[in-house]
Amino acid sequence: MSSKNNSERVIKNTIFLYANMIVNICVQLIAVRLILHGLGETDYGIYNVIAGIVTLFAFMNSAMSVATQRFLSFEIGRCGDVCEIFYTSVVLHTLIGVAVVAALEIAGIYYVDNILCVPAERLDTTKILLHCITASTFVNIITVPYESDINANEDMGAIAVINSIDSLMKLCTAIVICNVNSDRLIVFGVLTMITLIITLVTKRLYCLYHYKESHFKWHKIRDTRMMGKMASFASWNFIGAGCSAARYHGTGIILNLFFGIIINASYGIAQQINGLLNFLSVTVVRAIRPQINKSAGANNISRTLTLSETTCKITALMIALFAIPIYVELPFILSVWLGDLPDNNCLLFCRGFLVIAFVNQLTSGLRIAVESVGKIRLMQSVLGTMHLLSLPAGYICLNHGLPAASIIGCIIIEETIGIFVRTMITHRYTNISVSHVLLSNVTPVVMTTAAVLLFCQLTTGWMSDGWGRLFIICATSTTLTCVIAYSLILTNEERMHIKAFITRK
């Protein structure tokens, strides 16, 4: 397929996924408010702590998803044995799912009984919730090969439809929670599990209908070397993803130790916003990642690096498009979204995660470039260690009487240092120009975002808050960011592909 056709396919897939993203964001914004109202601050805090435990162990799910899609796309790019790669991923995910369930049941029960600060009358309910979420995690893990297969084949329209249905089922769950008379926390856990099972069945049926590699019979692994490569690749992804999950969940645990369960509700709300922004970045990455991996599989390193640099700019700018108006109008947005806030830290936590999400995406494409060439050990070990070091740094800050938001500040500092570390490691394995990345990609995006944010922040002083000001800030920040990005940040080739896609349509 020509470069032009590939670029147009990426743009088309991005549009599909953005339509899905809009549905998911709208549903989640409504669902979070309904769930917070239906569960109450205490039960919502319990849910976020227990869900955090699952996140801590379910990093394997994320790591294997990246590994599976990388090997499938790479094999498609070099016209290899896709069927055996898919079957190997199914076997690996099944084994990992069983291991994760065992670990969650043992470690989770110990944590609930001995560490978690939770009202005594909610202890049994918390354990039942843990069992439900553990089952949900297993279903999520064995879904990964099927979703990765759809992604590797770049059928993003199907992903968009299936995930939109999944979001609508979650909205139905939130509505039920607000109207049920039974223990709402248990009902929430059970309905969440049922939703994930339906999603698994749907994705598996789609793969069986469209892709021959998804048809298999259980047999002994033929290529044990390939299984070893996938396991090794995934194991280093485990380290990186696990350290990232540990950082976020560890932050919640530390906040719980110093301030109690109510602050976990504020932290959980901030995590929801962080999740939405991460979902936004994943939307762009999901459309372009198969092309990066296929280019590496075809040994086209030049195109691999070009796509990776484009990913850095586009994902960071997309985060900025959403983050700037949210940052400026956050007090009004939270008041409309949630009504009364759990405590005063909610605003600071949310703004902190907006900054974290933006900084993280400035070099997100470089991470994919290193993954595509299979050299992930150094990057995952170094960055994973940095993620973990932010926890003792945050603990020291809180232990010395600094405010709760100081622990978020430690994560921001760590992510900023990570920009330079990730760039240097990518240079080592791909010979990408460090100065070009920092001066032509990172610096213009940061300066553009800072300038637009400052302008919008000054603009708010001329108007009272409300829907009118929110609309004006959104329109202003979007227009300024798009105009500056198109004129000064995008390359001539990137602008040419955008023009060609629009003209053809």
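Let's start with what is buried in helix 13, residues 377-399: Met-379, Gln-380, Leu-383, Gly-384, Met-386, His-387, Ser-390, Leu-391, Gly-394, Cys-397 and Leu-398. Buried here means under 20% relative accessible area, with exposed over 50% and partly exposed in between, using a 1.4 Å probe and protein chains only. Helices themselves are DSSP runs of H or I with at least four residues, strands are E runs of at least two, and both are numbered from the N terminus.

Quick housekeeping. This is a predicted model, so local features need pLDDT of at least 70 and side-chain atom pairs count only at pLDDT 80 or more, while totals for chains, interfaces and linings use all residues. Residues are numbered from 1 along each chain as its sequence is written, and side-chain values use heavy atoms, with hydrogens and water left out.

Back to helix 13. What covers those buried residues? The cover includes helix 7 (224-259), helix 12 and helix 14. As for length, helix 13 has 23 residues, which should span 33 Å at 1.5 Å a residue, and its end C-alpha atoms are 34 Å apart, which agrees. The expected span, by the way, is 1.5 Å times one less than the number of residues. Just after the helix, Gly-401 takes a positive phi of about 90 degrees.

Now a residue from the covering side. Arg-247 sits in helix 7, and at 1% relative accessibility it counts as buried. Which residues does Arg-247 touch? Not counting residues up to four places away in sequence, Arg-247 touches His-387, Ser-390, Leu-391, Ile-411, Glu-414 and Glu-415. Contact means heavy atoms within 4.5 Å. Look at His-387, Ser-390 and Leu-391 again: they are among the buried residues of helix 13.

On to helix packing. Helix 12 (residues 364-372) and helix 14 (residues 406-430) have axes that come within 10 Å and cross at roughly 30 degrees. Those axes are lines fitted to C-alpha atoms, for helices over the stretch in contact, and the angles run from 0 to 180 degrees between N-to-C directions. Helix 12 and helix 14 are therefore roughly parallel to each other. For the wording: under 35 degrees is roughly parallel, over 145 roughly antiparallel, 65 to 115 roughly perpendicular, and the rest oblique. The contact uses Leu-366, Arg-367 and Val-370 of helix 12 with Arg-422, Thr-423 and Thr-426 of helix 14. By class, those residues divide into two nonpolar, two polar and two charged. Our classes put Ala, Val, Leu, Ile, Met, Phe, Trp, Tyr, Cys and Pro as nonpolar, Asp, Glu, Lys and Arg as charged, and the others, Gly among them, as polar.

Helix 14 also packs on helix 15 (434-459). How are helix 14 and helix 15 oriented to each other? Their angle is about 135 degrees, with the axes 9 Å apart, and they are therefore oblique. Ile-419, Phe-420, Thr-423, Met-424 and His-427 in helix 14 meet Val-434, Val-437, Leu-438 and Val-442 in helix 15. This contact has seven nonpolar, two polar and no charged residues. Thr-423 turns up here, and it was in the contact with helix 12 too.

In the loop between helix 14 and helix 15 you'll find Asn-431. Asn-431 has a positive phi of about 65 degrees although it is not a glycine. Is Asn-431 buried or exposed? Exposed, with a relative accessible area of 62%.

For another packing angle, take helix 4 (residues 123-152) and helix 8 (residues 262-297), at about 75 degrees with axes 9 Å apart. That makes helix 4 roughly perpendicular to helix 8. Glu-147, Asn-151 and Ala-152 in helix 4 meet Arg-286, Pro-290 and Lys-294 in helix 8, giving two nonpolar, one polar and three charged residues.

Last stop, helix 16 (residues 467-489). Its 23 residues reach 31 Å from first C-alpha to last, close to the 33 Å expected. Its buried residues are Arg-469, Leu-470, Ile-473, Ser-477, Thr-481, Ala-485 and Ile-489, and their cover includes helix 9 (301-328), helix 10 (330-338) and helix 15.

Then there's Arg-495 in helix 17 (residues 492-504), buried at 17% relative accessible area. Leaving aside neighbours within four places in sequence, Arg-495 is in contact with Tyr-486, Ser-487 and Leu-490.
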